[in-house]
Amino acid sequence: MPKINRYEDISQIDKEQRKDYVDRHSPFLHCADSAKAGEVFEVKVQVGNEYEHPDDLDHYISNVALYNKETKLAEATFYAGTLGGQGKKGKQTATFNVVLEKNAVLVAQSYCTKHGIWESIPVEVKVS
């Protein structure tokens, strides 16, 4: 079973190299904290907040997935070269439109082909 790495608050990390490593692999959720039941709700997932991830043939973000607790809601797949290829860096992003029927706890996961699975900080969404 693969190890799941979880985001650490980079303001609490001393070494810049460690901050870069954690941030550039971690997915970040961007969405409202409330939604209307049965209506389309937009969730943006961005890998990396302050730092960018490489886009090399053997080291890139291959996908991001969005979950509500244990239920997968959506997934986006990326291929090597999506951000321009060898030597390029960037932030993989995906925008998902989902429909929620009740309160949700959203979590995103990203997969780095070299450093495995990374998980976001959970975001609670109140549904009315």
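Leaving aside its neighbours within four places in sequence, which residues is Arg24 in contact with? Keep that question in mind as you open the structure, which is a predicted model, and begin by selecting Arg24, which you will find in helix α1, the stretch made of residues 16–25. Once the neighbours within four places in sequence are set aside, Arg24 is in contact with Val47, Gly48, Tyr51, Glu52, His53, Pro54 and His59. Because its relative accessibility is 15%, and buried means under 20%, Arg24 counts as buried.

Next, select the strands β2, β4 and β9, which form an open sheet of three strands in the order β2-β4-β9, with antiparallel pairing. At the edges of this sheet lie β2 (27–30) and β9 (93–99), each of which pairs on one side only. If you look along the sheet, its neighbouring strands are turned by 25° against each other on average, with direction ignored.

To see a bridge partner, select Val45 together with Ala94, its partner in β9.

Finally, move to Lys69, which is placed in the loop between β6 (61–68) and β7 (71–77). Most residues other than glycine have a negative phi. Lys69, although it is not a glycine, has a positive phi of about 55°.

Methods
Residues numbered from 1 in each chain as written. Predicted model: local features only at pLDDT ≥ 70, side-chain atom pairs only at ≥ 80, totals over all residues. Heavy atoms only, no water. Helix = DSSP H or I, 4+ residues; strand = E, 2+ residues; numbered from the N terminus. Pairing = 2+ DSSP bridges. Axes fitted to C-alpha atoms, helices over the stretch in contact; angles between N-to-C directions. Buried < 20%, exposed > 50% of the residue type's maximum accessible area, 1.4 Å probe, protein only. Contact = heavy atoms within 4.5 Å.
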